[in-house]
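My notes below follow the order in which I looked things up.

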Amino acid sequence: PTRRSSDLTYQTQLFFDQTFTRRLSLPTKNLYRPSTRNIAIGGLHIMSEMKKRVESMLKNYPAMTKKLKVLEFEMEFITKSLHPNIIENLVFSHTGEERVSGSFRSDKTANIAIEHVDSQRDERYYALKNRIDNIRQELRRLEHYLSLLPKEEAEAIRWFYFEGLSWDAIAEQTLMTQKTVQRRRKRGVDTLIHYYSIADNPSDS
């Protein structure tokens, strides 16, 4: 009985040793490297998100241009809101100089005026400036990429997204079938997605 128990213990230990050895011999790259399938799925997800982003910008282009005009007007209003008399009164109240002429200016006047303007428009001015710069950059970027497309693809995109024309109206205007116009739009959008992908990941292009 003692020998059988010993043999059983030996066989059990041998089994576990062999199993452990086989596991150690497995290639370790599969433990931490993503599979080709996972990489492909990740790439499709990125392209899907990029497509949503590009189509969203195209759809919002008219609204963005209107918003830019509103913000530019507000910026102009802020920079021109101070009347010259206010600056003159501010100058004389600080310097004690007598007014010699209706439009007297000195170096000190200019400095005080600049400080006053900065204090008045500070936060709002720079907040508006950042918003305007961001919108301008996005619009310029989109316009530039559109200019790189073939004319017929760019026109299909502009008519559909920017002008809000129906496929019937575009087909009638171009003397093409709806399917042809839709294919041109799709090719153009796909190319825009490619351009944006290059801009976001220049090392991968």
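Before I place any residue, a reminder on terms: a helix here is a DSSP run of H or I with at least four residues, and the numbering of helices starts from the N terminus. The model I am looking at is predicted.

**Entry 1: Ser56.** I found Ser56 in helix H3, which covers residues 36-79. Is Ser56 buried, exposed or partly exposed? Its relative accessible area is 34%, so Ser56 is partly exposed, because that class lies between the buried limit of 20% and the exposed limit of 50%. I also checked Ser56 against Tyr161: they sit 105 residues apart in sequence, and their C-alpha atoms are 10.0 Å apart in space.

**Entry 2: the whole chain.** I counted eight helices and zero strands in the protein chain. Read from the N terminus, the order of elements is α-α-α-α-α-α-α-α. The chain has 205 residues, and 26% of them count as buried. I noted an accessible surface of about 15400 Å², with 54% of it belonging to carbon and sulfur atoms. Among contacts with a separation of 6 or more, 68% are between residues 24 or more positions apart.

**Entry 3: H6 against H8.** The axis of H6 (residues 151-162) comes within 8 Å of the H8 axis, and they cross at roughly 100°. Angles of 65 to 115 degrees count as roughly perpendicular, so H6 and H8 are roughly perpendicular to each other. On the H6 side the contact uses Glu152, Glu153, Ala156, Ile157, Phe160 and Tyr161, while H8 brings residues including Arg184, Arg187, Gly188 and Leu192. I sorted the residues of this contact into seven nonpolar, two polar and five charged.

**Entry 4: H7 against H8.** Next I took H7 (residues 167-174), whose axis comes within 9 Å of that of H8, with a crossing at roughly 100°. H7 and H8 are therefore roughly perpendicular to each other. Trp167, Asp168, Ile170, Ala171 and Thr174 of H7 meet Gln178, Val181, Gln182 and Arg185 of H8. This contact divides into four nonpolar, three polar and two charged residues.

How values were computed:
Residues numbered from 1 in each chain as written. Predicted model: local features only at pLDDT ≥ 70, side-chain atom pairs only at ≥ 80, totals over all residues. Heavy atoms only, no water. Axes fitted to C-alpha atoms, helices over the stretch in contact; angles between N-to-C directions. Helix = DSSP H or I, 4+ residues; strand = E, 2+ residues; numbered from the N terminus. Parallel < 35°, antiparallel > 145°, perpendicular 65-115°, else oblique. Contact = heavy atoms within 4.5 Å. Nonpolar A, V, L, I, M, F, W, Y, C, P; charged D, E, K, R; others polar. Buried < 20%, exposed > 50% of the residue type's maximum accessible area, 1.4 Å probe, protein only. Areas by Shrake-Rupley, 256 points an atom, 1.4 Å probe, with all protein chains shown as cover.
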